Amino acid sequence: MSGFNNMLHFVGVVEDNHDKTNAGRVRVRAFGIHPPRASEGKEDSVPTADLPWATVLDGSYGASPVIPTVGDWVFGFFIDGREAQQPMVMGRLPGMHLQMPAGSGEPGEDGYLPPGAVHQFGKPDLHRYQGGEGAGQGQTLAQRVLANTAIPQANGETFDEPPIMMPENNYANRVIKSRDGDNFIVLGSGDDGESGDYFLISHSSGSVFQIDANGTIFVKAFADKYNTTQGIESTYVRGSSHSTIDEDYTVKVGKSGKISVNGRLDIECTDFNVRAARNINLDAGVKVNVSGAGIGLLATADDINMIAHTNLKALTTLGGMYFKCLSPGIPGISGGGDFHVDSYKTNLNSIAYSRIHSMGTPAISPQLLPAPDAGHMGIDIQSLTSTRIEGLGTVNIESAGAMGISALGALGLKAVGTMDLHAGGQLGLGASGLVNLDGSLVNIGNGTAGVTGGVATATVTTSKAPQLLQSTVFSVVPNVSIEIAKTVKPQEIKNVVTPELPAVTKRWWHPLTSFMRSDSDE
């Protein structure tokens, strides 16, 4: 081909860059070779569809090929010389957007620019991060206006978003941009080596990634943000880490999790819910303190155990202390609602009164310790040594049935005043030894029985006077505890943790070895 020896150079304008062969070719109207586009009402001598496809030379060797835009002025040559059928584009001529497309001027005027290039009219060819023009265009203004300031942190302090670099007149900057220039990458280079050295990736939505001259990295998404890692992700922060989230925060861990803090850990929230499929363990080297307007403990299937190395203390400032365990248990299996207090010393003190009640229902418990329970009822007071019942006022011992007072040793009954012994039936006084009746006056006869009985009744009535109300109202012994323990079951937490299931083997196509691999492959 003689054109290689006598190539024909040209300057032209791109009219079509939609190459259906995906080879990146363009159709160029070469000035002086192809006639200009005809104005309205005139037919083109060479329609766009008849222009030859021009191959665009790629100096990046495929790393970042660029296809010229419709309306771009380009420079090239025809390898077939003056036949002008095999054009090649060597490069683009910037700054040639100062004329209107064909048909947009006076009637009858011809022009070279296609109508599709009207948006480029008067537009500077240098990007705004090189020429400095158009600071309010695109996402730049929104990034500055929508910058967040005084953002509260968990430590009580606030911070401002780092400022995003604004367009500047700096020919030393390197810019890689999209066709319309709204998506771009800036490699900033300053003469002072400080403020101008930065790296910026800016999206038309406003989302941005920036590294400033100090090395500070700023990432902001104006929409959603997702991070995924197929392997291990490790994060190291030499200083402090703070996160501020306006709405919800959730963490889901597939296996075990651990939080290790050398110092103090504070958690502050409105409601705090913790749910474990199995056990919850709280362990403190010194103390565990729990404080609240109300505290509830609920065991749904087992016991509540409290053990203290020294003392176990309970104090109520306004109310009382109530224990209720009335369950009869399971006959032959469990002992039911037992209340046991075992101590080295026992002291019971009340400011008003003390009551001990028993319904008298025979126990059906199989319990054998400390003594067999079955059939037991009533109230037993037992001491292996002495027992003392003393009242600074009156003392009344009364039984609706029989009453026995027995002593293996001596028995003494003494009254500072009178002592009356009276029986509605027979009264017997006997001794294996002597019986002594001694007094300044001894009456023996039927006439004295009524007087003795009346005096004895009066004495008993007087002894019952302080407890007369209780003895009549509580003829049937009620439940002593008028308060019943109430606990609020913790609310359900969604996504309940379940016991770990066997791991599922994941398989994928390995591109280097060209065969299937799995998690278990070494």
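Which residue in E5 is the bridge partner of Trp73? In this predicted model, the bridge partner of Trp73 in E5 is Leu93. The report below places this pair in its surroundings and then turns to other parts of the chain.

## Overall composition

The chain contains four helices and 14 strands. Of its 522 residues, 17% are buried. The chain exposes about 42,500 Å², and carbon and sulfur atoms supply 54% of that area.

Contacts between residues at least 6 apart in sequence were also examined. Of these, 53% join residues at least 24 apart.

Strand E4 covers residues 73-78, and five of its six residues are buried, so the strand is largely enclosed by the rest of the structure.

E4 pairs with two strands described here. With strand E1 (residues 8-16), the pairing is antiparallel and extends over six bridges. With strand E5 (residues 87-93), E4 also runs antiparallel, and six bridges join the two. Trp73 of E4 takes part in both pairings: Val13 stands opposite Trp73, and Leu93 is the bridge partner of Trp73 in E5.

## The nonpolar cores

The largest nonpolar core has 12 residues: Leu8, Phe10, Val14, Val26, Val28, Ala30, Ala54, Val56, Val74, Phe78, Ala84 and Val89. The elements that contribute two or more residues to this core are E1, strand E2 (26-30), strand E3 (53-56) and E4. Apart from this core lies another, of eight residues, including Tyr129, Val186, Tyr198 and Phe218.

Leaving aside residues up to four places away in sequence, Phe10 touches Val28, Ala30, Ile33, Val74, Phe75, Gly76, Phe77, Phe78, Pro87 and Met88.

## Glu161, a buried loop residue

Glu161 is located in the loop between strand E7 (158-159) and strand E8 (174-177). Is this residue buried or exposed? Its relative accessible area is 15%, and because buried means under 20%, Glu161 counts as buried.

Two polar contacts involve the side chain of Glu161. One is with the side chain of Asn148, at 2.8 Å, and another is with the side chain of Lys220, at 3.2 Å. When residues up to four places away in sequence are not counted, Glu161 touches Ala147, Asn148, Ile151, Phe218 and Lys220.

How values were computed: Residues numbered from 1 in each chain as written. Predicted model: local features only at pLDDT ≥ 70, side-chain atom pairs only at ≥ 80, totals over all residues. Heavy atoms only, no water. Buried < 20%, exposed > 50% of the residue type's maximum accessible area, 1.4 Å probe, protein only. Contact = heavy atoms within 4.5 Å. Areas by Shrake-Rupley, 256 points an atom, 1.4 Å probe, with all protein chains shown as cover. Pairing = 2+ DSSP bridges. Core = buried A, V, L, I, M, F, W, Y, C linked by side-chain atoms within 4.5 Å. Polar contact = N/O pair within 3.5 Å; in protein donor to acceptor, adjacent residues only side chain to side chain.
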